[in-house]
Amino acid sequence: MSGDQFPLWAAIAVSVLLVAGSLLTLAGCIGMVRFRSFYQRIHAPTIGTSFGTIFILAGSVVYFTVTQLRPAVHEVLIFVFVSVTTPVTLMLLARAALYRDRIERDPDVPPSKDPLDNAEMEASKQAPRRPAVKEA
Amino acid sequence: MSQIILFWSVLACEAILALAMACAAYRLARGPRAQDRVLSLDAFYVSGMLLLVTFGIRTGTTLYFEAALIIGTLGFVSTLALAKFLMRGEVIE
């Protein structure tokens with residue numbers, strides 16, 4: 001917070017962007033706590049990685065552009081990185097969770113259409129069934 | 001006037017992000033399964049990265065930006081490695 005010459009419109013813009021972004025991130029994390037199954041839960045934090053990140057980084061761009069008196073766009077680097085990597089990690093995580101649920105023959109998960117997968121699941125039939133997880 | 005607005009909004013933003021990290025930590029501790037913990041660790045990393053960006057706005061230096069970039073990179077790599085581990089039982093085959 002350097003100097004008293006920070007203009008009011010920029011302060012209001014930065015405030016609105018920061019609070020909106022953090023509220024969206026909080027909404028995503030609350031959704032991750034409250035949803036019932038893992039496949040619902042995996043959708044929730046992505047609101048923080050998409051629009052929460054966009055709003056907070058936009059507030060940072062506005063703040064540093066006004067204080068440094070030149071365009072500050074280095075936050076775009078974080079945005080590009082997060083928006084590229086989040087789908088990769090979450091799709092891999094969802095595939096891993098699906099694989100684990102099929103191995104354990106969870107009745108809520110539909111069987112695979114790939115015969116190779118089904119052969120692997122048949123081979124795992126000897127494995128003991130996992131006890132039911134009671135937490136919702 | 002604008003300093004007061006900025007101070008309180010950055011403080012509110014940090015408090016809300018800390019609450020989001022607390023929600024992620026609750027899910028991290030509660031589970032119930034390993035994939036839930038990995039997912040909440042990813043959300044925890046993203047919230048911490050955004051918290052560092054707001055620290056950068058509070059202090060007015062771009063030093064925290066680099067820390068946020070490193071946190072984002074480490075979060076990506078760790079989540080990827082943990083998802084690979086859940087799938088196959090080992091990270092590098």
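## Close-up views of a predicted two-chain model

**View 1. Helices H1 and H2 of chain B pack against each other.** In chain B, helix H1 (residues 2-30) and helix H2 (residues 34-59) have axes that come within 8 Å and cross at roughly 165°. Angles over 145 degrees count as roughly antiparallel, so H1(B) and H2(B) are described as roughly antiparallel to each other. Their crossing is left-handed. Where H1(B) and H2(B) touch, the residues divide into 18 nonpolar, four polar and six charged. As you explore this and the other views, please keep in mind that the model is predicted.

**View 2. Helices H1 and H3 of chain A make a pair of their own.** Over in chain A, look for helix H1 (residues 8-34) and helix H3 (residues 46-68), whose axes come within 8 Å and cross at roughly 160°. H1(A) and H3(A) are therefore roughly antiparallel to each other, and H1(A) passes H3(A) in a left-handed crossing. From H1(A), the residues in this contact include Trp9(A), Leu17(A), Gly21(A) and Gly28(A), while H3(A) brings, among them, Phe51(A), Phe55(A), Gly59(A) and Tyr63(A). By class, the contact of H1(A) with H3(A) has 15 nonpolar, seven polar and no charged residues.

**View 3. Chain A meets chain B.** Now for the place where the two chains come together: 60 residues from chain A and 54 residues from chain B take part in the contact. About 4900 Å² is buried between chain A and chain B, and carbon and sulfur atoms give 77% of that area.

**View 4. Helix H4 of chain A lies against helix H2 of chain B.** Among the residues making the contact, you can find Ile78(A), Leu90(A), Arg100(A) and Asp101(A) on H4(A), and Gln35(B), Leu39(B), Asp42(B) and Met49(B) on H2(B). Ten nonpolar, one polar and three charged residues make up the contact of H4(A) with H2(B).

**View 5. Charged side chains pair up between the chains.** Side chains of opposite charge can pair when their charged atoms come close. How many salt bridges does the rule find across the interface of chain A and chain B? There are two salt bridges across this interface, and the count over all chains comes to three. Start with Arg41(A), which forms a salt bridge with Asp36(B), their closest N and O atoms being 2.3 Å apart. This pair crosses between chains, joining Arg41(A) in helix H2 (residues 38-41) of chain A to Asp36(B) in helix H2 of chain B. Then turn to Asp101(A) and Arg33(B), whose side chains meet in a salt bridge at 2.7 Å, N to O.

Conventions. Residues numbered from 1 in each chain as written. Chains lettered and ligands numbered in written order. Predicted model: local features only at pLDDT ≥ 70, side-chain atom pairs only at ≥ 80, totals over all residues. Heavy atoms only, no water. Axes fitted to C-alpha atoms, helices over the stretch in contact; angles between N-to-C directions. Helix = DSSP H or I, 4+ residues; strand = E, 2+ residues; numbered from the N terminus. Parallel < 35°, antiparallel > 145°, perpendicular 65-115°, else oblique. Left-handed = near helix turned anticlockwise from the far one by under 90°. Nonpolar A, V, L, I, M, F, W, Y, C, P; charged D, E, K, R; others polar. Contact = heavy atoms within 4.5 Å. Buried area = accessible area lost by both parts, 1.4 Å probe. Salt bridge = Lys/Arg side-chain N within 4 Å of Asp/Glu carboxyl O.
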